[in-house]
Amino acid sequence: MRNFRNMIVWQKSMQLSVRIYEITRLLPSEEKFGLIGQMRRAAISICSNIAEGSAKSTDTHFNKY
């Protein structure tokens, strides 16, 4: 298993997620369940997919994620 926390791409995706949360705090509250939620879920999805892919046993599966 690869340590995803050491991967630069994962670290950058975490920085992006933090930045997305900061930016979306500035959006109007009526977007809370629309655009804000979608942007936050998409940002977290990047980190999650990288972490999930690092647990795959073959390089083919890893590259897919």
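A residue counts as buried when its relative accessible area is under 20%, as exposed when this value is over 50%, and as partly exposed in between. The exercises below concern a predicted model.

**Exercise 1. Determine which residues of helix H1 are buried and where they lie around its axis.**

*Solution.* 
1. Helix H1 covers residues 8-24, which amounts to 17 residues. From first C-alpha to last it reaches 24 Å, close to the 24 Å expected at 1.5 Å a residue.
2. Under the criterion of burial, H1 contributes Trp10, Ser13, Ser17, Ile20 and Thr24.
3. These residues span an arc of only 70° around the axis, and therefore lie on the same side of H1.
4. The other side of H1 carries the exposed residues Ile8, Lys12 and Gln15.
5. The cover over the buried residues of H1 includes helix H2 (35-54).

**Exercise 2. Classify the one aromatic pair found in the whole structure.**

*Solution.* 
1. A search of the whole structure returns 1 aromatic pair.
2. The ring centres of phenylalanine 4 and tryptophan 10 are 5.2 Å apart, and their planes meet at 70°.
3. Planes over 60 degrees apart count as edge-to-face; the pair of phenylalanine 4 and tryptophan 10 is therefore edge-to-face.
4. Phenylalanine 4 and tryptophan 10 are both buried.

**Exercise 3. Identify the members of the largest nonpolar core and the element that gives the most to it.**

*Solution.* 
1. The largest nonpolar core consists of 5 residues, namely Phe4, Trp10, Cys47, Ile50 and Ala51.
2. With 3 residues, H2 gives the most to this core.
3. Leaving aside residues up to four places away in sequence, alanine 51 touches Phe4 and Trp10.

**Exercise 4. Describe the surroundings of asparagine 3.**

*Solution.* 
1. Asparagine 3 is located in the segment before H1.
2. Because its relative accessibility is 42%, asparagine 3 counts as partly exposed.
3. The side chain of asparagine 3 reaches the backbone nitrogen of arginine 5 at 3.1 Å.

Note on methods:
Residues are numbered from 1 along each chain as its sequence is written. This is a predicted model: local features need pLDDT of at least 70, side-chain atom pairs count only at pLDDT 80 or more; totals for chains, interfaces and linings use all residues. Side-chain values use heavy atoms; hydrogens and water are left out. Helices (H or I, at least four residues) and strands (E, at least two) are DSSP runs, numbered from the N terminus. The expected span of a helix is 1.5 Å times one less than its number of residues. Buried means under 20% relative accessible area, exposed over 50%, partly exposed in between (1.4 Å probe, protein chains only). The arc is that of the directions from the helix axis to the C-beta atoms. Contact means heavy atoms within 4.5 Å. A polar contact is a pair of N or O atoms within 3.5 Å; within protein, one must be able to donate a hydrogen and the other to accept it, and residues adjacent in sequence count only if both atoms are side-chain atoms. Rings of Phe, Tyr and Trp (its six-membered ring) pair if their centres lie within 6.5 Å; planes under 30 degrees apart count as stacked, over 60 as edge-to-face and the rest as tilted. A nonpolar core is a set of buried Ala, Val, Leu, Ile, Met, Phe, Trp, Tyr and Cys residues joined through side-chain atoms within 4.5 Å.
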